[in-house]
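Have the model open as you read.

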Amino acid sequence: MRLVTTKYQLICNILFVMFWVLATYNFVTQEVAGREVPAVEQGVRVLAQGMIILLGLWTLRSRVDIIIIAVFCALTLVSTVWINHQSFLVWIDGLRLYVGFLFILPILRYLLADRQMRGWFIARMERNIYRFLWLQVPCILWQFSRYADLDLVGGSLGYMMSGAISNLIYLCSFYLMLRRWDQTKNYVHNLLSNWELLFLLLPSFLNETKVSLVFMLMYFFFLIPMDRKFIKRLVWLSPLMVIVMAGSVYLYISVVGGRS
């Protein structure tokens, strides 16, 4: 058991180190250099892709994962080399774009399959997600104060990642809200008890990501428990959702300007 635990912890440590490197390196290099640094971006990305492949192969156990990876590689190889008459190296280079989708599944499957360690991994993951959300506050405020082009306000992910960071902010906050949701409390009480997760949504309005308005509405709608009292709760909470949505639109227009 000790060997399994050591392997488990090593994989966790590597995974979270990779997470923080990928979540911050662009912001650091861009703000220090004052511009994008393609060599650093490509080097870190290739290194991360290689590490994901190694971890994926190390944890690959499920027959389903093996079949998915094999079929994907076969189809892309045929379509690239035979149908489109490209070289083998072109296939290898293009394959790197899908490494995360292919090999993260066996890694997560391995980490979640261990019943004794699964709770430890999930708790650690949630702590890192929470810290990631808080990190976006100073990063986005800093970028917003410096750049007129709001597409550059991508938080710790760096330039031109405004859409990606807005997606992540809502996904991470919504996940944590669900995890902290107390069924013994009512809807409003739960929101007030986890006010910091709502506060952490505000940086998403400091970039020009219009989908944030849709995410905001979906966020509050899907927190409503979908049981026999769903319609009653929806009617009761509709005024609150309208107020929040109106405030979000006003905040967005105030920040972005114009009538977009």
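## Ground rules

A residue is called buried when its relative accessible area is under 20%, exposed when it is over 50%, and partly exposed in between. Keep in mind that this is a predicted model.

## Salt bridges across the chain

There are six salt bridges in the structure. One of them pairs Asp-65 with Arg-109, with the closest N and O atoms 2.8 Å apart. Asp-65 sits in helix α3 and Arg-109 in helix α5, so this pair ties together parts that are 44 residues apart in sequence. Asp-65 counts as buried because its relative accessible area is 3%, while Arg-109, at 40%, is partly exposed.

Another joins Arg-146 and Glu-31, whose closest N and O atoms are 2.6 Å apart. Here helix α6 holds Arg-146 and helix α1 holds Glu-31, so parts 115 residues apart in sequence get tied together. Glu-31 is buried at 16% relative accessibility, and Arg-146 is partly exposed at 43%.

Then there's Glu-196 with Arg-180, at 2.7 Å from N to O. This one links helix α9 to helix α7, with the two residues 16 apart. Glu-196 is buried at 12%; Arg-180 is partly exposed at 33%.

## The nonpolar cores

Which residues touch the most other members of the largest nonpolar core? Those are Tyr-187 and Tyr-219, in a core of 35 residues. Elements giving two or more residues to this core are α6, α7, α8, α10 and α11, and α7 gives the most, with six.

Tyr-219 has contacts including Tyr-170, Phe-174, Met-177 and Leu-198. A separate core of 20 residues includes Phe-16, Leu-60, Phe-121 and Ile-122.

Definitions and conventions: Residues numbered from 1 in each chain as written. Predicted model: local features only at pLDDT ≥ 70, side-chain atom pairs only at ≥ 80, totals over all residues. Heavy atoms only, no water. Core = buried A, V, L, I, M, F, W, Y, C linked by side-chain atoms within 4.5 Å. Buried < 20%, exposed > 50% of the residue type's maximum accessible area, 1.4 Å probe, protein only. Helix = DSSP H or I, 4+ residues; strand = E, 2+ residues; numbered from the N terminus. Contact = heavy atoms within 4.5 Å. Salt bridge = Lys/Arg side-chain N within 4 Å of Asp/Glu carboxyl O. Lists of a residue's contacts leave out its neighbours within four places in sequence.
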